[in-house]
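Hi there,

Here is the structure I promised to pass on.

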Amino acid sequence: WEKKAFTRIIGDWVWAIWLRQTRQLLLIRDPQGYHRSLHYTLQNNFFAFSTAPKGLMALADMPRAMDQGALADFLILNHKALSNTLYKGVQRLEAGHVLTLDAASGNISIERYWQIDVTKRIIYRHDQDYVEHFNELFDQSVRARLRSCHPVGAFMSGGIDSSAVATTAAKQLALEGKSLSTYTAVPQAGFNDSAPWGRYNDETPLVNAVAKMSPNMKTHFITSEGMDQFTGLENHLEQGEAPFRNPANRVWMENIMQTAAAKGERVLLTGQLGNFTISYDGSWSLANWLKSLNLIKLFWGIKQLNGYRERDLAYITKNLLAKPLLPAWLYRNLVACYAKRPFFWTSNSLIKPAFAEQMQVASRATEAGFDPYWQGFSCSRAMRKQLLSGNNYSSDMHEGWRAAFGVDLRDPTGDR
């Protein structure tokens with residue numbers, strides 16, 4: 001199979017393989033790369049690699065300097081340059097890629113060994129056939145992530161994705177006489193603020209309803225009482241070696257990991273990528289159906305989405321139809337004219353305009369293929385290909401959590 005063998009491996013992983021016969025070193029990341037990271041450096045005729053940048057910083061010849069351009073990219077949420085890190089001299093191997101180092105010549109080559117084929121179609125005669133095929137693949141994906149020398153737990157909300165992961169895992173663990181602990185973030189005692197239309201604040205009732213389906217599921221509800229955005233921040237920066245993109249989520253997620261670790265659980269299942277696989281609602285297909293004049297599908301798509309997740313006809317027309325189909329130059333001029341800001345990031349980023357200009361973030365964004373105006377997608381499959389082809393900040397963050405809490409996060413919803 002040679003390098004094609006990597007496409008047959010299920011799960012979250014990174015490999016380093018030394019080929020004695022050819023004197024070559026292979027570094028490989030799994031296709032999604034969501035939970036595993038791999039960094040390397042080539043400095044002064046030596047090569048080194050590590051899961052986290054701090055492993056490389058222990059070397060004497062490392063520059064130990066921040067890449068300010070990469071920092072500027074992070075501040076405007078430009079994560080498209082997947083091989084860049086916040087540190088000079090440190091590169092990240094992209095997900096779904098293999099790096100080959102030839103010991104004789106010192107040459108490095110990097111190639112992609114797998115990516116999502118958006119042209120592939122699976123066609124069955126009956127709807128039930130799709131359900132059975134999905135269940136077969138999903139069972140396999142979950143099973144591959146249950147291997148552990150320690151008890152396994154799971155993040156669980158009241159949504160479809162994490163509930164599907166948890167119930168499937170509980171069913172498989174029951175065959176071995178084992179239980180599954182689930183962890184849910186809930187409001188603190190006395191919280192009674194109203195939720196926006198179409199949303200809810202407390203997932204306890206839904207989680208309890210799902211738990212009734214699995215007698216071996218043990219629910220735990222975590223309130224993060226007495227904690228705030230600064231709790232554990234220094235430890236996170238020390239272990240994760242980067243800022244946290246969604247700081248509102250960090251505290252309860254780390255509290256859950258700390259609680260699970262105290263119970264001896266070293267694996268936590270998640271359903272984070274399910275938004276683009278299991279529970280994806282097809283909303284970015286509307287623009288493509290309108291563009292291709294597939295009006296029947298467009299009609300039924302709008303009918304199904306109307307009123308779903310705070311969407312009404314006005315929202316659908318503006319954000320899912322008109323916005324993605326406008327020419328890029330026209331949309332950008334409209335933003336600049338009516339929103340009175342030259343770039344979209346000026347409304348949601350703390351980056352100083354002078355620093356943004358100095359780092360040439362606009363040209364860096366264009367070069368990386370990043371849209372700072374967030375115009376949206378006119379093709380559903382292209383969108384999911386992009387979002388499921390790996391990112392840089394998530395894997396680094398998960399490596400930091402693994403070092404800090406000794407907990408391995410695994411996501412069956414995004415397996416290739």
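To start with a question: in which loop is the place of Arg23? Arg23 sits in the loop between β1 (14-19) and β2 (24-29), where helices (H or I, at least four residues) and strands (E, at least two) are DSSP runs, numbered from the N terminus. Although Arg23 is not a glycine, its phi is positive, at about 50°.

Two sentences of housekeeping before the rest. This is a predicted model, in which local features need pLDDT of at least 70 and side-chain atom pairs count only at pLDDT 80 or more, while totals for chains, interfaces and linings use all residues. Residues are numbered from 1 along each chain as its sequence is written, and side-chain values use heavy atoms, with hydrogens and water left out.

**Another positive phi**

Leu77 is not a glycine either, and has a positive phi of about 65°. Leu77 belongs to the loop between α2 (68-75) and β5 (91-92). With a relative accessible area of 24%, Leu77 is partly exposed; here buried means under 20% relative accessible area, exposed over 50%, and partly exposed in between (1.4 Å probe, protein chains only).

**Two helix pairs**

Helix α9 (residues 295-305) packs with α10 at an angle of about 125°, and their axes are 10 Å apart. For these values, axes are lines fitted to C-alpha atoms, for helices over the stretch in contact, and angles run from 0 to 180 degrees between N-to-C directions. The angle makes α9 and α10 oblique to each other; angles under 35 degrees count as roughly parallel, over 145 as roughly antiparallel, 65 to 115 as roughly perpendicular and the rest as oblique. The crossing of α9 past α10 is right-handed (a crossing is left-handed if the near helix is turned anticlockwise from the far one by less than a right angle, and right-handed if clockwise). On the α9 side the contact is made by Leu298, Ile302 and Leu305, and on the α10 side by Leu313, Ile316, Leu320 and Leu321; contact means heavy atoms within 4.5 Å. Sorted by type, the residues of this contact between α9 and α10 are seven nonpolar, no polar and no charged. For that sorting, Ala, Val, Leu, Ile, Met, Phe, Trp, Tyr, Cys and Pro count as nonpolar, Asp, Glu, Lys and Arg as charged, and the others, Gly among them, as polar.

What about Leu321 itself, buried or exposed? Leu321 is buried, at a relative accessible area of 10%, and is part of helix α10 (residues 313-325). Not counting residues up to four places away in sequence, Leu321 touches Leu286, Ala287, Leu290, Leu298, Ile302 and Ile316. The C-alpha atoms of Leu321 and Ser378 are separated by 8.1 Å, with the two residues 57 apart along the chain.

The other pair is helix α6 (residues 233-240) and helix α15 (residues 393-405), whose axes come within 8 Å and cross at roughly 110°. That angle puts α6 roughly perpendicular to α15. Their crossing, α6 with α15, is right-handed. Asn235, His236, Gln239 and Gly240 of α6 make the contact with Asp396, Met397, Gly400, Trp401, Ala403 and Ala404 of α15. The residues of this contact of α6 with α15 comprise four nonpolar, five polar and one charged.

- Thr184 lies in strand β9 (residues 180-185) and is buried, with a relative accessible area of 1%. Setting aside neighbours within four places in sequence, Thr184 is in contact with Met156, Glu203, Val207, His220, Phe221, Ile222 and Ile256.
- Gln172 lies in helix α4 (residues 160-174) and counts as buried at 11% relative accessibility. Leaving out neighbours within four places in sequence, Gln172 is in contact with Asp139, Val142, Arg143 and Leu146.
- Asn208 lies in helix α5 (residues 204-211) and counts as partly exposed at 32% relative accessibility. Asn208 touches Thr219 and Phe221, not counting residues up to four places away in sequence. Asn208 and Gly158 are 50 residues apart in sequence and 8.8 Å apart in space, C-alpha to C-alpha.

**Cysteines**

How many disulfides are there? The count is zero disulfides, a disulfide being a pair of cysteine sulfur atoms within 2.5 Å. As for cysteine accessibility, Cys149 counts as exposed at 80%, and Cys379 is partly exposed with a relative accessible area of 30%.

Best wishes
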